[in-house]
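Let's walk through this structure together, one step at a time. Keep the view open and find each residue as it comes up.

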Amino acid sequence: MTFFETLGMAWEGLALNKVRSFLTTLGVIIGVASVIIMLAVSAGAEAAIADQINALGADLIIVGPLRGSPGAARTFVYEDAVAIAESVRNIAGVSAEQFSAQNVEGGSASLEAISILGVTPEFPMVRDYTLAAGRFFNADENDRKTKVAVLGYGIAQDLFGTQVPLGQEVTIGSTRFTVVGVMTAKGVVGDVDYDGRIYIPITVVFQRFMPMQVGSDRVRTVYVKAESREAMDSVIAQITALLAERHGVDPARPDFSVQTQQDIIATQEATTEAFRNLLAWVAGVSLVVGGIGIMNIMLVSVTERTREIGLRQALGARPWDVQLQFLLEAIILSLVGGLVGVVAGVGGSYLFNELGTMRTELVAASIPLAFGAAAAVGIFFGYYPATQAAKLDPIEALRHE
């Protein structure tokens, strides 16, 4: 028999039991769709994280004390930020930051342990963060340690509701501040609620909230915005050399860290890689379950069609012809399930993205990967039933009831 004749007989054999054939392919459909959708979910999560991080500032370089380095947190001070702003070329701006948690009162509300971020006047430009109302404090107010505050969008609503709070007073700790601006809504990025912060001059944080501590002018982070992405390598080299000289350390073994947004994204991607692999394995298990279903049904089919197999062999069919027919039936089931699964997976990824709250991004490589896996499942799990069919003795098969 020719290959195409055998293929036709395999198709006819499956068509005789349409419902059973469909139910058998269902496992493969679910498995293939799961692979595509789960990889799309993982890629969407990574893309969303990258977008959120990049939204915090374009061409941004983050400088701070090196964790684990003795004394680094005490020696990384405000003057380092000033030196960077004055000495480093090809930068658009520098913003130093220091943090404090304080109770806040204003309007008719009282809030506990609110994040108070001491920053410099260039903060909105460096961090690509705009104001919804009012203005940000200026360099003169920062130098004079003026008690002015810019509220995060959520804090403004918590304290003053729908009222525009410009000119109102809030009490941070035991110090009264005048509200001069409200930031636009930014939401939560990573684990930071940008709408739940209050921004004040960094010099006021030094004066009011860190006066008794050793190194009260130390800063937690300095953000440097490069003029362009092409200039970032040069800027990083200049910052490294400048701070190494100021701190008296070897540039190869600094007590500070210099990284970019892309470094943070790469770290985050490494963190999510394990999650992505877990999803892929879960989806792979679904394919294996579908393959076991194919093998089970094919073994049942061999038992039910024993007389048919014996008759075919009596009419001249070789064991190879019988084996090929049953193997083709298994492959057809897996390929049809694979095709339907690809359509379901692509469609499911689109629907999740459009109708759900979870972002998905279709991974092009997942389509041939899932379809190829479905074909491999059909061959692997169909081989044993096909071999069993080929081993049947024609005389015993014809006697089978």
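**A guided walk, from the inside out**

At 5% relative accessibility, Val 182 counts as buried; here, buried means under 20% relative accessible area, exposed means over 50%, and partly exposed lies in between (1.4 Å probe, protein chains only). Before going on, please note that this is a predicted model, in which local features need pLDDT of at least 70 and side-chain atom pairs count only at pLDDT 80 or more, while totals for chains, interfaces and linings use all residues. Residues are numbered from 1 along each chain as its sequence is written, and side-chain values use heavy atoms, with hydrogens and water left out.

Back to Val 182, which is found in strand β7 (residues 175-183). Helices (H or I, at least four residues) and strands (E, at least two) are DSSP runs, numbered from the N terminus. Which residues touch Val 182, not counting residues up to four places away in sequence? Among them are Leu 131, Val 150, Tyr 153 and Pro 165, where contact means heavy atoms within 4.5 Å. Val 182 and Thr 130 are 52 residues apart in sequence, and their C-alpha atoms are 9.1 Å apart in space.

Now look for Glu 97 in strand β2 (residues 91-106). Is Glu 97 buried or exposed? Glu 97 is buried, with a relative accessible area of 1%. Leaving aside neighbours within four places in sequence, its contacts include Leu 117, Phe 123, Arg 127, Ile 202 and Tyr 223. One of these, Ile 202, is also among the buried residues of helix α8. That helix (residues 202-209) is mostly covered, with six of its eight residues buried.

Next comes the nonpolar core, a set of buried Ala, Val, Leu, Ile, Met, Phe, Trp, Tyr and Cys residues joined through side-chain atoms within 4.5 Å. The largest one has 46 residues, and Ile 84, Ile 172 and Val 222 are among those with the most contacts inside it. Helix α9 (residues 232-247) gives the most to this core, with six residues. Apart from this core lies another, of 20 residues, including Val 32, Phe 326, Val 342 and Ala 374. To see how Ile 84 is placed, leave aside its neighbours within four places in sequence: Ile 84 is in contact with Ile 91, Val 94, Val 222, Val 224, Ile 239, Leu 242 and Leu 243.

Let's turn to charged pairs. A salt bridge is a side-chain nitrogen of Lys or Arg within 4 Å of a carboxyl oxygen of Asp or Glu, and a search of the whole structure finds six. In one of them, Arg 246 pairs with Asp 80, the closest N and O atoms being 2.7 Å apart. This pair links distant parts of the chain, with Arg 246 in helix α9 and Asp 80 in helix α4 (residues 78-87), 166 residues apart. Arg 246 is partly exposed at 41% relative accessibility, whereas Asp 80 is buried at 1%.

Another salt bridge joins the side chains of Asp 128 and Lys 225 (3.0 Å, N to O). Here too, distant parts of the chain are linked: Asp 128 sits in the loop between α5 (123-126) and β4 (131-134), and Lys 225 in strand β11 (residues 221-226), 97 residues apart. Asp 128 counts as partly exposed at 34% relative accessibility, while Lys 225 counts as buried at 15%.
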